Amino acid sequence: MANIYIACSHVLAVCRENGSRTDTYVPEIYSRQTYGRTYQANFHPVLSENFWRDVPFNLTFYPPNMKKERGRKQDKRFQGEMDYRNPDFPPRCGRRRMPGHNRKNCNNPEPSNV
């Protein structure tokens, strides 16, 4: 009996195009027979704690003594050239589009939508 392979959709698409078999692209370890041999042994459930043997040491684990840092976490990615602002173009206000200040400290009040 030929091995039947569990292949991903990419391998199946290539095999359909070329008219080839999946075993040319998929190793033997991924065959259904290998998968079945891996799990053919019997697994026994773990008995309740009443049947466990006592051990001569303490198995209590405490969490590490770590305090959560305050504030926003620092970005860990590397910054590229697009992450830096060009000094020739200062930030502009979101209301008036004028350089030198931003929306937060703009002198023009927000128009009310009444």
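# Questions on a predicted model

Me: How many helices and how many strands does the protein chain have?
Reply: One of the helices is α2, which spans residues 32–38. The secondary structure of the protein chain has zero strands. The helix count is two.

Me: Is T34 buried or exposed?
Reply: T34 is found in helix α2. Its relative accessible area is 16%. Buried means under 20%. T34 therefore counts as buried.

Me: Which residue has its backbone oxygen 3.1 Å from a polar atom of the T34 side chain?
Reply: Leave out residues up to four places away in sequence, and T34 touches E28 and I29. A polar atom of the T34 side chain lies 3.1 Å from a backbone oxygen. That oxygen belongs to E28.

Me: How many disulfides does a search of the whole structure find?
Reply: A disulfide needs two cysteine sulfur atoms within 2.5 Å. A search of the whole structure comes up with zero.

Me: What is the distance from the sulfur of C93 to the nearest cysteine sulfur?
Reply: C93 is in no disulfide. The nearest cysteine sulfur is that of C106. C106 is in no disulfide either, and its nearest cysteine sulfur is that of C93. The distance is 3.6 Å.

Me: What is the relative accessibility of C93, and what is that of C106?
Reply: The cut-off for buried is under 20%. C93 counts as buried because its relative accessibility is 0%. C106 also counts as buried, at 13%.

Me: Which residues does H101 touch, not counting those up to four places away in sequence?
Reply: H101 has its place in the segment after α2. At 18% relative accessibility, H101 counts as buried. Beyond four places in sequence, it touches P91, R92, C93, R96 and C106.

Me: What separates the C-alpha atoms of N107 and R95?
Reply: N107 lies in the segment after α2. It is exposed, with a relative accessible area of 70%. R95 is twelve residues from N107 along the chain. Their C-alpha atoms are separated by 9.9 Å.

Me: What accessible area do V46, L47, F51 and W52 have together?
Reply: W52 is found in the segment after α2. At 51% relative accessibility, W52 counts as exposed. V46, L47, F51 and W52 form a nonpolar patch on the surface. Together they have about 530 Å².

Me: What share of the accessible surface of the protein chain belongs to carbon and sulfur atoms?
Reply: The accessible surface of the protein chain is about 12300 Å². The part that belongs to carbon and sulfur atoms is 54%.

Me: What share of the residues in the protein chain is buried?
Reply: The protein chain has 114 residues. T34 is buried, and H101 counts as buried too. Over the protein chain, buried residues make up 9%.

Me: What share of the contacts with a separation of 6 or more comes from residues 24 or more positions apart?
Reply: Take the contacts in the protein chain with a separation of 6 or more. Residues 24 or more positions apart account for 23%.

How values were computed
Residues numbered from 1 in each chain as written. Predicted model: local features only at pLDDT ≥ 70, side-chain atom pairs only at ≥ 80, totals over all residues. Heavy atoms only, no water. Helix = DSSP H or I, 4+ residues; strand = E, 2+ residues; numbered from the N terminus. Buried < 20%, exposed > 50% of the residue type's maximum accessible area, 1.4 Å probe, protein only. Polar contact = N/O pair within 3.5 Å; in protein donor to acceptor, adjacent residues only side chain to side chain. Contact = heavy atoms within 4.5 Å. Patch = residues over 30% accessible without salt bridge, like charges linked within 9 Å, V, L, I, M, F, W, Y side chains within 5 Å. Areas by Shrake-Rupley, 256 points an atom, 1.4 Å probe, with all protein chains shown as cover. Salt bridge = Lys/Arg side-chain N within 4 Å of Asp/Glu carboxyl O.
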